[in-house]
Amino acid sequence: MLLNLGTPDDTGYFAVRRYLQEFLSDLRVIEANPLIWQPILQGAVLSFRPRRSGAAYARIWDRKHNASPLRVYTEAEADGLRERLGAETPVVVAMRYGQPSVTDAVRSLMDQGCDRIVSLPLYPQYSATTTATANDQLFRALMKLRRQPAVHTIPPFPDHPLYIQGLAASVRETLAGLSFKPQRVIASFHGLPKQYVQAGDHYPDDCERTISALRDALSFSDEQMPLTYQSRFGPTEWIQPYTAPFVEALPAQGVTKIAVITPGFMTDCIETLDEIGNELRESFIKAGGEEFALVPCLNASPAAIDLLEALTRQAMRGWTP
């Protein structure tokens, strides 16, 4: 079971609102007293944010498949893994928020005769807001079953050799196809409230492991590939440096040609394609930048399928003769 974050079913107000309500009601995502947070969420947040988010989804929506890129790429990853593993090992997709649900995915596997399930959360770096809540949802689904399957949850893979090789190859391929030479390749990871880290979330350590291994693979210095954090939400302090202010300050320093890679994401999604590919590009150019390139996520590339196959086969090793 490939387990990803999730996506609205369409770009309309109510579909986005349903998705955001489920996502932002998760106590691992918003660690605030529900008595305080829920009135804010049900009031201002869910009144206005669905329209803004819906417009962002509309800019990147896959019209051919009538689905978000995250769903399209995750399903393509499942297709690729299914091909590698063979017909005797069913592969399904589940979303932590939205559809297809984790409960439906577990039921689908059990209906196909599976009594041993490998769950692979598609988050390279660990955080309670991602990996842990994905596992929580799986365990909730199991709690409702009288006959439970055996389950193996795969841990994060921040510096797995195949992941780093895939990222490095993606950077090389992207840079080779550009008409300019970037002065910096910015590595932008999804952010996290600082208080979550102070409470024990070691997500920044995993991000450091990823970027350190990637710099070594590309022979890049810290200056050539700086690490930043994006997607800040709300008034609290998040881990820094923040991607947007960092990038917007570069032209004043003489850095007008950049590329951005998002190694915290296995699949391209609204945070990579719109927040970085559209919004950050626009603000960088507005600040005086000249050239901007986005390095794609691994998505369903052969490198991605190699990684998923290796992680899955290792997890199944104790179950197969």
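**Rings and core**

Mentor: Let's start with Y229, which is buried, with a relative accessible area of 5%.

Trainee: Why is Y229 called buried?
Mentor: Buried means under 20% relative accessible area, exposed over 50%, partly exposed in between (1.4 Å probe, protein chains only). Y229 has 5%, so it counts as buried. F189 has 0%, so it is buried too.

Mentor: One caution: this is a predicted model, where local features need pLDDT of at least 70 and side-chain atom pairs count only at pLDDT 80 or more, while totals for chains, interfaces and linings use all residues. Residues are numbered from 1 along each chain as its sequence is written, and side-chain values use heavy atoms, leaving out hydrogens and water.

Trainee: What makes F189 and Y229 a tilted pair?
Mentor: Rings of Phe, Tyr and Trp (its six-membered ring) pair if their centres lie within 6.5 Å; planes under 30 degrees apart count as stacked, over 60 as edge-to-face and the rest as tilted. For F189 and Y229 the centres are 6.4 Å apart and the planes make 45°, hence a tilted pair.

Trainee: And what makes Y57 and W61 edge-to-face?
Mentor: Their planes are 80° apart, with 6.3 Å centre to centre.

Trainee: Which residues have the most contacts inside the largest nonpolar core?
Mentor: L2, L120, F189, M225, I261 and L308, in a core of 49 residues. Such a core is a set of buried Ala, Val, Leu, Ile, Met, Phe, Trp, Tyr and Cys residues joined through side-chain atoms within 4.5 Å.
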